[in-house]
Amino acid sequence: MFTPVQLTSLPFLAFTFAATTALTIIILIFLYKRFINRAIIQINHETRQTLELEYQKKLRIELLRKHNEQNQFTKEEHHTGSKKHDHVTVLFADIQGFTKIVEQLRPETLVDELDKFFLQFDEVAFKYHIEKIKTIGDAYMCAGGIPDKVRSNPIEVILVALEMQNFMKSAIHPSTMNGVSGVWELRIGIHTGSVISGKVGRTKNTFDIWGDTVNIASRMESSGIPGEINITGVTYQYVKDFFECQYRGKMPIKYKGETDMYFVKRLKQEYSADENGVLPNEACLIKLQHIRFSDLEDEFLSRLNIELPNSLYFHNVDHTINAIAQVEIIGRGEGIDEKDLLLLKSAALFHDAGYLHQYHNPKEYSLLIATEYLKKHHFADEQIHAISDLINSTRPGNTPTNKLEEIMTDANMHHLGRPDFYHQSEKLLKEMLANGIAISPAEWIQNQTRLIESHHFFTNTARKLRQVNKQHQLEKLKAIKF
């Protein structure tokens, strides 16, 4: 133990104070370091949290951006190939009382019956070149005028509808044989207008159509009567010359106002091949082909306009258009029927088609091109053969052997009697020079003079229309001096 003197001595007190101060400082330093470390740890933790939140935010933004891009890509891919069609006729067919029949027939019998119906519908649609869209349960949907434009599609869709109804009415079904209450009856609705077509679905691409025309056709079906074909007033205007129709009043259409409705009863007598007015006769089919010829004409003239060489100053699109007009004028003047007039117009459309490939001896190419297009537009083999003969009759030096060839030849040479013959002659000379045929203007005038002197029109109609002008042109050519 320390004595009181020791405890109170200055050295001892100084030592004690120094030791205590040092210990305090050490403790404070330790506590400070511990505080600093904890603060650093807390700061680092908060910083990491902040950085993590920022990263997560950026990640969500990036994922959202990629998701939106993927959705946009999917939408664009989803509608790839979508196309607007301005003149399409849509047919909806639905089996009346189907729900009741389902409850009373065995599933396998039901499926067999539907398969039989839809197979028959498919065959009829294929026969008239109508596109099947889809089936949904007992509903069947098809459309005319897609994927290619066909002006006659309203008539052909109704021909399909007539055969569908005729099949349903004439067939014997298990529902009647087994005594099931309810019969197979078909309601059909039809409308003509514009649609959008395209493929839908991500994994299984399916062709479909949509738009107001589809909705209105569906309304025509649902507002129809079993066993009847219900069409809109729009469709009626396209088909009234072919079919007997019964007016049945108006129906309100959402956002469209009211529309007239008609029941199609049958083909008109003059166009029917059977007593029931279901099957078209030859007169009907030829009239349909005349309507479809306009599509063929538009398609091929557009190609000529784009692809013909610029050096064709005479054998150009105008020459083909004039030839088509002339065969119709001369043909009608000669009393040609609609069947033969179709052949003449088709031959005139393709008689100079070979100029697309070569200038010298183009007729062989004309025959090949004509056959390709005529098959595409469903001309019969005998029609294609007859059209080929008419094209051959326009070869230089050929003499026509029948009335149709005479008309074709006169139409091809009609420019000899035109008032603007001299201008046409200048264009032909310019064309020949541009394509490597060397001839002087004097030689050309002599050739044209000999041509007119030796030429004669074969048909009375052409002679009446062109002979006077031809004589006038001959006098003008003889008066030219070199």
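# Close-up views of a predicted model

**View 1. Ring pairs link F118, F121 and Y140 into a cluster.** This is a predicted model, in which local features need pLDDT of at least 70, side-chain atom pairs count only at pLDDT 80 or more, and totals for chains, interfaces and linings use all residues. Residues are numbered from 1 along each chain as its sequence is written, and side-chain values use heavy atoms, with hydrogens and water left out. Rings of Phe, Tyr and Trp (its six-membered ring) pair if their centres lie within 6.5 Å; planes under 30 degrees apart count as stacked, over 60 as edge-to-face and the rest as tilted. By this rule there are 12 aromatic pairs.

**View 2. F300 and F350 form a tilted aromatic pair.** Their centres are 4.7 Å apart, with 45° between the planes. F300 lies in helix α9 and F350 in helix α11, so the pair ties together parts that are 50 residues apart in sequence. Helices (H or I, at least four residues) and strands (E, at least two) are DSSP runs, numbered from the N terminus. Both F300 and F350 are buried. Buried means under 20% relative accessible area, exposed over 50%, and partly exposed in between (1.4 Å probe, protein chains only).

**View 3. The largest nonpolar core holds 47 residues.** Such a core is a set of buried Ala, Val, Leu, Ile, Met, Phe, Trp, Tyr and Cys residues joined through side-chain atoms within 4.5 Å. L296, F300, L344, L349, F350 and L374 touch the most other members. At least two residues of this core come from each of α9 (282-307), α10 (317-333), α11 (338-350), α12 (363-376), α13 (381-392), α14 (403-412) and α15 (421-434). Helix α11 supplies the largest share, 8 residues. L296 touches L349, F350, Y373, L374, H377 and F379, not counting residues up to four places away in sequence. Contact means heavy atoms within 4.5 Å. Another core, of 40 residues, lies apart from the largest one. Its members include F117, F118, F121 and Y271.

**View 4. Strand β1 pairs with β4 and with β3.** β1 spans residues 83-96 and is mostly covered, with 10 of its 14 residues buried. Two strands pair if DSSP finds at least two bridges between them. β1 and β4 (residues 185-200) run antiparallel and are joined by 12 bridges. Q96 stands opposite E185 in β4. β1 and β3 (residues 139-144) also run antiparallel, with 6 bridges joining them. A93 has Y140 in β3 as its bridge partner. In a regular strand the side chains alternate between the two faces of the sheet.

**View 5. H85 makes a side-chain polar contact with S197.** H85 belongs to strand β1. H85 is buried, at 7% relative accessible area. The contact joins the side chains of H85 and S197 at 2.7 Å. A polar contact is a pair of N or O atoms within 3.5 Å; within protein, one must be able to donate a hydrogen and the other to accept it, and residues adjacent in sequence count only if both atoms are side-chain atoms. Leaving aside neighbours within four places in sequence, H85 is in contact with G145, I146, P147, G193, S194, V195 and S197.

**View 6. Two lysines sit over aromatic rings.** A charge sits over a ring if NZ of Lys or CZ of Arg is within 6 Å of the ring centre and within 35 degrees of the ring normal. The charged end of K287 sits over the ring of F242, 4.9 Å from its centre. For K430 over the ring of Y313, the distance to the centre is 4.3 Å.

**View 7. R395 makes a side-chain polar contact with E364.** R395 is in the loop between α13 and α14. The side chains of R395 and E364 make their polar contact at 2.5 Å. Leaving aside neighbours within four places in sequence, R395 is in contact with N361, K363, E364 and L367. P362 is 33 residues from R395 along the chain, and their C-alpha atoms are 9.4 Å apart.

**View 8. L451 is found in helix α16.** The helix covers residues 441-454. L451 counts as partly exposed, because its relative accessibility is 29%. L451 touches M413 and L416, not counting residues up to four places away in sequence. The C-alpha atoms of L451 and L474 are separated by 9.6 Å, and the two residues are 23 apart along the chain.
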